[in-house]
Amino acid sequence: MRKFDEDRLLVATHNRGKLEEIDHLLERFDITIVGAGDLGLEEPEETETSFVGNARIKAHAASKATGLPALADDSGLCVDALDGAPGVYTADWAETPNGRDFSMAMQKVHDRLVSSGDPEPWTARFCCTLVLAWPDGHHEVFEGMIEGRITWPPRGDQGHGYDPIFQPDGYDITFAEMNRWEKNTLSHRGAAFTKLVQGCFD
C-alpha cells in the first residue's frame with residue numbers, strides 16, 4: 001500500500017458539496033485540497049460498467065492532466081428488486097436537457113419498484129469506490145457500502161441525490177433527515193474514506 005506524502009491532493013470532482021465533504025474528512029492532515037473544477041479540468045467520459053472502472057478513469061485523467069495525485073470516487077444506489085439498478089447509472093437516471101433532476105430520478109426508482117411487483121421492504125445499498133492515483137500511473141482502490149432500503153414518499157432535505165428515499169439499516173430516518181456530518185460517519189463514502197485514511201494517510 002503506497003503512503004500519501006504530498007502536500008496537495010486533487011479531487012477529481014466538480015461537485016462543491018462532495019469537495020467539502022472530502023476536505024472535512026481529511027482536515028486533520030496538512031494537505032491542500034483542490035477540486036478539478038477549480039483547475040478548469042473537463043470531466044472525462046465514464047465508459048466503464050463498474051464503479052471501480054469509472055473511478056479509475058477519473059482519477060488517472062486528473063492526475064495525468066495536472067501532475068498531481070488525484071482522488072476520484074464513483075458511487076451509486078443499487079436496488080435489489082431492480083437487479084442492482086440504477087448502479088453505475090445512478091446519476092444518468094437524473095439527467096434532463098436542463099441538468100440533473102433527482103426528484104424525477106427518485107420517482108423513476110419508485111415507479112419501477114411498483115412495476116416489478118416485488119413486495120416491501122425494498123432492500124438496497126449505497127456503494128462507493130475511491131481511487132487514489134499518482135502521476136506515475138500507480139493507484140490504490142478502497143470500497144465502502146451501506147445497506148438499507150428504499151422508502152416512499154421521500155423524506156428530508158439535508159442530503160442530496162437519492163438520500164430522501166434511502167433509509168439505512170438500524171435507523172428510522174432517511175439519509176436526507178440526518179445531519180450531513182453524522183451521515184458522513186456511517187455512509188458508504190465514509191466507510192471507503194476510513195479505509196483510504198488507514199491505508200494511505202495514517
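What percentage of the 202 residues in the protein chain is made up of buried residues? Buried residues account for 47% of the 202 residues, where buried means under 20% relative accessible area, exposed means over 50%, and partly exposed lies in between (1.4 Å probe, protein chains only). The model is a predicted one, in which local features need pLDDT of at least 70 and side-chain atom pairs count only at pLDDT 80 or more, while totals for chains, interfaces and linings use all residues. Residues are numbered from 1 along each chain as its sequence is written, and side-chain values use heavy atoms, with hydrogens and water left out.

The protein chain contains 5 helices and 8 strands; helices (H or I, at least four residues) and strands (E, at least two) are DSSP runs, numbered from the N terminus. Read from the N terminus, the order of elements is β-α-β-α-β-β-β-α-β-β-β-α-α. The C-alpha trace spans about 50 × 35 × 25 Å along its principal axes. The radius of gyration of the protein chain is 17 Å, in agreement with the value near 17 Å for a compact globule of 202 residues. That radius is taken over C-alpha atoms, and the globule rule is 2.2 Å times the number of residues to the power 0.38.

Contacts (heavy atoms within 4.5 Å) also describe the fold. Among those between residues at least 6 apart in sequence, 58% join residues at least 24 apart. The protein chain exposes about 10000 Å², of which carbon and sulfur atoms supply 45%; accessible areas come from the Shrake-Rupley method with a 1.4 Å probe, and for residues only the protein chains shown count as cover.

Charged side chains come next. The protein chain carries 19 positive and 35 negative side chains, and the centres of the two sets lie 2 Å apart. In this count Lys and Arg are positive and Asp and Glu negative, with His and the chain ends not counted; the place of a charge is NZ of Lys, CZ of Arg, CG of Asp or CD of Glu. Side chains of opposite charge can pair when their charged atoms come close. The structure holds 14 salt bridges, a salt bridge being a side-chain nitrogen of Lys or Arg within 4 Å of a carboxyl oxygen of Asp or Glu.

One of them joins the side chains of E20 and R180, at 3.3 Å from N to O. Because E20 lies in helix α1 (residues 16–25) and R180 in helix α4 (residues 180–186), this pair ties together parts that are 160 residues apart in sequence. E20 is partly exposed, with a relative accessible area of 42%, and R180 is partly exposed at 28%.

A salt bridge also links K58 and D74 (3.2 Å, N to O). K58 is in helix α2 (residues 51–66) and D74 in strand β3 (residues 70–79), so the pair ties together parts 16 residues apart in sequence. Both K58 and D74 are buried.

R189 forms a salt bridge with D73, with the closest N and O atoms 3.1 Å apart. This pair links distant parts of the chain, from R189 in helix α5 (residues 188–201) to D73 in strand β3, 116 residues apart. Both R189 and D73 are buried. Salt bridges that share partners join K18, E21, D73 and R189 into one network. Beyond residues up to four places away in sequence, R189 touches K18, E21, D73, S75 and C128.

H188 also lies in helix α5. With a relative accessible area of 7%, H188 is buried. Residues up to four places away in sequence aside, H188 touches S75, F126, C127, C128, G144, M145, I146 and F175.

Finally, the backbone has some particular features. Most residues other than glycine have a negative phi, and most peptide bonds are trans. A cis peptide bond joins A85 and P86, with omega about 0°, and P86 is in the loop between β3 and β4. The loop between β3 and β4 also holds D83, which has a positive phi of about 55° although it is not a glycine. D83 counts as exposed, at 77% relative accessibility. The peptide bond from E120 to P121 is likewise cis, with omega near 5°; P121 is in the loop between α3 (102–116) and β6 (122–133).
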